[in-house]
Amino acid sequence: MQIVFQIINENYTLYYMLTSKETRESFKAFFASKNHRIVPSAPMVIKGDPTLMFTNAGMNQFKDIILGNVAVRHARIADSQKCLRVSGKHNDLEEVGRDTYHHTMFEMLGNWSFGDYFKQEAIDWAWEYLTSVLGLDAGRLYATVFEGSPAEGLSRDDEAAAFWAKHLPASHILNGSKKDNFWEMGDTGPCGPCSEIHIDLRTGAERRSVDGAQLVNGDHPQVVEIWNLVFMQYNRKADGSLEPLPAKVIDTGMGFERLCMAIQGKTSNYDTDVFQPIIRQIGRLTGFTYGGDERRDVAMRVIADHVRTIAFSITDGQLPSNAKAGYVIRRILRRAVRYGYTFLERREAFMYALLPVLIDTMGDAYPELSAQRTLIEKVIKEEEESFLRTLETGIRLLDRKTSEAKAAGLHTLNGADAFTLYDTFGFPLDLTELILGEHGMTVDVDGFNVEMRKQKERARNAAAMETGDWVTLSEGDSRFTGYDFFESEAIILRYRKVKQKNRELYQIVLDQTPFYAEKGGQVGDKGWLVSDSEAIDVIDVKSENNLAVHLTERLPEDPTATFTARIDREKRRRCECNHTGTHLLHEALRETLGTHVEQRGSYVSPESLRFDFSHYQKLTDEELRKVERLVALKIRSDFKLEENRSMPVAQAKEMGAMALFGEKYGDEVRVVKYGGSIELCGGTHIPSTGMIGTLRIVSESSIAAGVRRIEAITAEAAEEYFFIQQDIIRELRSLVNNVPNLIQTIRKSIDENADMKKQLEVYASERAAQLKKEILAHAAERNGIKVIRYTGSGNTDFMKGIAFQIRSESKERFAFIAGLSEGPKCTLMVTLSDGLVDEGYSAAQLVKDAARHIQGGGGGQPHFATAGGKYPEGLPLAVEAVLESLGIN
C-alpha cells in the first residue's frame with residue numbers, strides 16, 4: 001500500500017488519510033507480517049457461554065484458550081472483531097450518540113499471543129504500527145502503566161515502563177490506577193496489568209495551553225484511549241489472591257472507530273467515513289442536514305450507530321424479542337426509532353432503507369450483511385412499524401396521565417408512571433420530560449430512579465451466582481466420548497461449589513464423559529456418576545468455555561474414586577431422533593419452498609423439536625403436508641449416519657454442507673450426512689433415519705419478520721399424538737351414531753345450529769321489544785325525572801341491551817333502575833340520561849352506595865353501572881336506595 005505524506009493543517013500533521021476499509025486491512029497486513037494467523041470475527045451474539053450474551057471484547061472468542069480449556073493451535077493471532085456494549089464503564093445506552101466517541105456496536109482490532117511473545121514485542125509492534133505504518137504524530141501519544149497496588153503486594157509495572165521509554169519521553173509515560181490499568185476477566189480467572197495508548201487530537205493552541213498528560217483518562221473528547229495492551233500474567237482465585245499464570249497471554253484491543261478518527265484528522269468518530277455515509281443517507285431520507293441542529297445531530301448519530309448494531313445482530317441469528325439478548329436488540333432498535341420520531345419527524349419506517357449504505361461501507365469486511373440483506377430489511381421494517389404503533393399508544397397513555405394529574409391539581413408525573421412508559425413503551429426519561437414540558441409539567445426523577453434501581457436489583461438477583469474456587473484433583477484435558485458410547489469410565493479432574501437463587505449445586509469436570517453438554521440448541525444429557533458405593537444424579541450438563549460441566553446436587557463421598565459416567569439412554573435416543581429430525585426437516589423445507597430457506601435457530605429436547613427458518617409467508621396446508629411427506633420418505637429410506645469428525649471447513653462447504661450464519665466454526669468441523677442432507681453439526685444423532693419412525697408437525701407460526709417456526713415431534717411422541725387424534729375422531733363418530741361421513745354430518749350440525757341461533761336472536765329481539773314496552777308502560781315521572789324500574793328474574797346482558805336501547809331513544813331526563821335475580825345471585829343495574837350525568841349524578845357511585853343491600857359491590861361509568869351481589873332479597877331496598885340518592889322518594 002502506497003502512503004503519501006500530507007499536512008492537514010498547521011496543528012496536525014498526518015500521512016495520507018487512509019479510508020476505514022484501508023485501515024482495517026492495513027492492521028491485518030501488519031500483523032500477518034509478524035507471523036500472526038489472521039482469523040475472522042466471531043459472531044457478535046454469543047452462544048454457549050452463560051456469562052455473556054454478546055461479544056464485548058476481542059478476547060471473548062479466545063476465552064477457552066486463555067482459560068486452558070482448549071489447546072493452543074496458533075500461538076499468534078490477529079483479527080478485527082465486531083463487539084457490542086450496552087452497559088459498564090462509559091457504555092450506558094442512553095449516552096450513546098450524545099458524545100463523539102462512544103458506541104453500542106464497534107470493531108476491535110486486536111493481536112494475541114498465547115505463551116509466545118510478551119510485553120516487549122507487544123509494545124514495540126504497537127508503536128511501529130501507529131507511528132511507522134499509520135504515521136501518527138508520536139508527540140501526540142501517551143502510554144499509561146500500572147502504578148501498583150501495595151494492598152495486593154503488586155509493584156509498579158516497571159518492565160512495561162522501561163519498554164515504553166525506548167519510544168516516549170518520561171512525561172508521556174503515565175502511572176494508571178488499578179481501576180484503569182489492571183485488567184480482570186471477572187471476579188476470578190486470568191488477569192494482569194495493562195498499558196493504554198492515548199492520543200491527543202486537540203489543536204496546537206489547546207495543547208500549548210493545557211498539557212495533554214493532565215487530560216488522559218479524564219473523559220476529554222479529543223484526548224482518548226485508542227489501544228489497550230493487556231499483559232495477562234496472574235490468575236485471580238475466589239479468595240481474591242493471585243497466582244502466576246503458567247502461560248502468559250498478550251491480549252490487545254484497539255478501537256477501530258477511534259483509530260479512524262485519529263487517522264482522518266477528525267474530532268468525532270461520527271465525522272469519519274465509518275459513519276458519514278450513513279448519516280448523509282439519514283439526511284436524504286428525513287430532509288434534515290447534519291450539523292444544523294444539535295438535537296437532530298444527536299438523533300442522526302444514534303440512528304447511524306444503532307442500525308449497525310441491529311443489522312449485525314440479525315446476521316448473527318439474534319432477532320429482536322422480549323427476552324434476554326433479543327430484548328437488548330429490541331431496546332436498541334426502539335431507541336433509534338424514538339429519536340427519529342421525536343427529532344427527525346419520522347412517522348413511518350425508514351431505518352431499513354439505510355441497509356444499502358451500510359453494506360457499501362462494511363460489506364466487504366463482513367459479507368454476511370449482503371448475504372442476509374432481505375431478512376435484515378424485513379425484520380427492521382416490521383419492528384419499526386410495530387414500535388411506531390406502540391409509541392402512539394404510549395403517547396396517548398401519557399396524555400391521559402397528564403390530564404389526570406392536572407385534574408388532581410398536580411404538576412408532576414409520578415416516577416412509577418414514568419418508569420412504566422420507559423419499561424413497557426420504550427419511552428426514555430428525556431422523552432417523557434420533553435412531552436411533559438410542553439404541558440407545563442415535570443416528572444418525579446427520584447421516583448423513576450427508584451423504580452429503575454428495583455428493576456436492576458431484580459435482574460442482578462436473578463442472574464447472581466456465587467462460585468467457589470476449582471478444586472483440582474488431577475491434571476488433564478476433558479474428552480467427549482458420547483458420539484460412540486453411552487457410558488465411560490471416568491475420574492473427576494476438578495469440581496467447585498456454586499450457589500444461585502439460594503440453591504447449592506456442584507460443577508464437576510471429568511477426564512472423559514459420554515454426557516452431551518447443552519449447546520447448538522440441543523439440551524444436555526441427564527444420567528448418573530456411579531461408583532462402587534453410590535450413584536450421583538447428574539441433573540444437567542452445560543458447556544462453559546468449551547468445557548462440559550456436569551451439575552449435581554451433591555458431591556460424591558469420595559471424589560477421588562473411579563466412576564462410571566452413564567447417561568440416560570432413553571432420553572438421549574429421543575433427543576437424537578428429534579435432532580436428526582431437524583436435519584431432515586431443513587432439507588424438506590428447502591426442497592418445498594426454495595433454497596432461500598436457512599436455519600435461524602433450533603431447540604431439541606427428548607420431548608420435541610423446534611425449528612426456526614427464513615421464509616416470508618405462512619406455509620399453506622398443502623406445503624406443510626408436502627414437507628411431512630418428504631420427511632417421511634427420508635425416514636423410510638433409512639439413510640445411515642455418515643459423519644466426518646474432523647474435516648477442513650472449506651472442504652465441508654465444497655461438498656455442500658450447510659454453514660449457518662451466527663455460528664462460530666474452527667478450521668476443522670464435524671460434518672453430518674443423511675442421504676442428501678449435509679450439515680455442519682456437533683450434536684448427537686440417530687444411527688439411521690429409519691429409527692425415527694415418523695415425524696409430525698404440530699404447529700407453524702411467525703416469530704419475526706421473515707422468520708417462521710415449526711414445532712414437531714418424532715418417534716413415540718408422534719405415535720402418541722396420532723393415537724390421541726384417532727381417539728378424538730372415534731369419540732366424535734360415537735356422538736353422531738358412527739355415520740360414515742363424519743365431516744358432512746358435523747357441517748350439517750353446524751349449519752343447523754347457526755339457523756337455530758338466528759331464530760333465537762329474532763325471538764330474543766321480539767322478547768326485548770315486548771319487555772321494553774311493558775317496562776316503559778309502568779314508567780312514572782317524579783321531580784322532573786322519568787323513573788323506569790324493573791325488578792324480577794332476568795339475564796344481565798339481555799337487560800343491558802334494553803337499557804341501552806332506552807338510553808339511545810330517550811331525549812328526556814330519566815333513570816332506569818333494574819334489580820335482576822339469577823338463582824342465588826343478583827344484579828343491580830343503573831342507567832342515567834346525559835342530562836342527569838351533566839348535573840353531576842354518576843351511575844357508578846349510585847350502585848356502589850346501594851350495593852350493600854345485596855351484599856355485593858360494583859362500578860362502571862357515569863351513565864351506566866352494575867353491581868353484583870349474593871342477597872337477592874335485598875334488591876327492593878337497593879332500588880329504593882338509588883331513588884333516594886337521586887332525590888326521588
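The model is predicted, so to speak of local features takes a pLDDT of at least 70 and side-chain atom pairs count only at 80 or more, while totals for chains, interfaces and linings use all residues. Numbering starts from 1 along each chain as its sequence is written, and side-chain values use heavy atoms, leaving out hydrogens and water.

**The pocket**
- The second largest pocket holds about 480 Å³ of space. (A pocket is an open set of points on a 1 Å grid over the protein atoms alone, where a 1.4 Å probe fits, with protein on both sides within 12 Å along at least five of seven lines; lining residues have an atom within 4 Å of a point. The volume is the space filled by probe spheres set on the points.)
- It has 16 lining residues, and Leu624, Arg625, Glu628, Arg696 and Ile697 sit closest to its centre.
- Helix α18 gives the largest share of that lining, six residues. (Helices are DSSP runs of H or I, at least four residues, and strands are runs of E, at least two.)

**The sheet**
- Four strands make an open, antiparallel sheet in the order β25-β26-β31-β30. (Strands pair if DSSP finds at least two bridges between them.)
- β25 and β30 are the edge strands with a single partner each, so one side of each has no neighbour in the sheet.
- β30 and β31 are joined by eight bridges, and Ser699 stands opposite Glu711 in β31.
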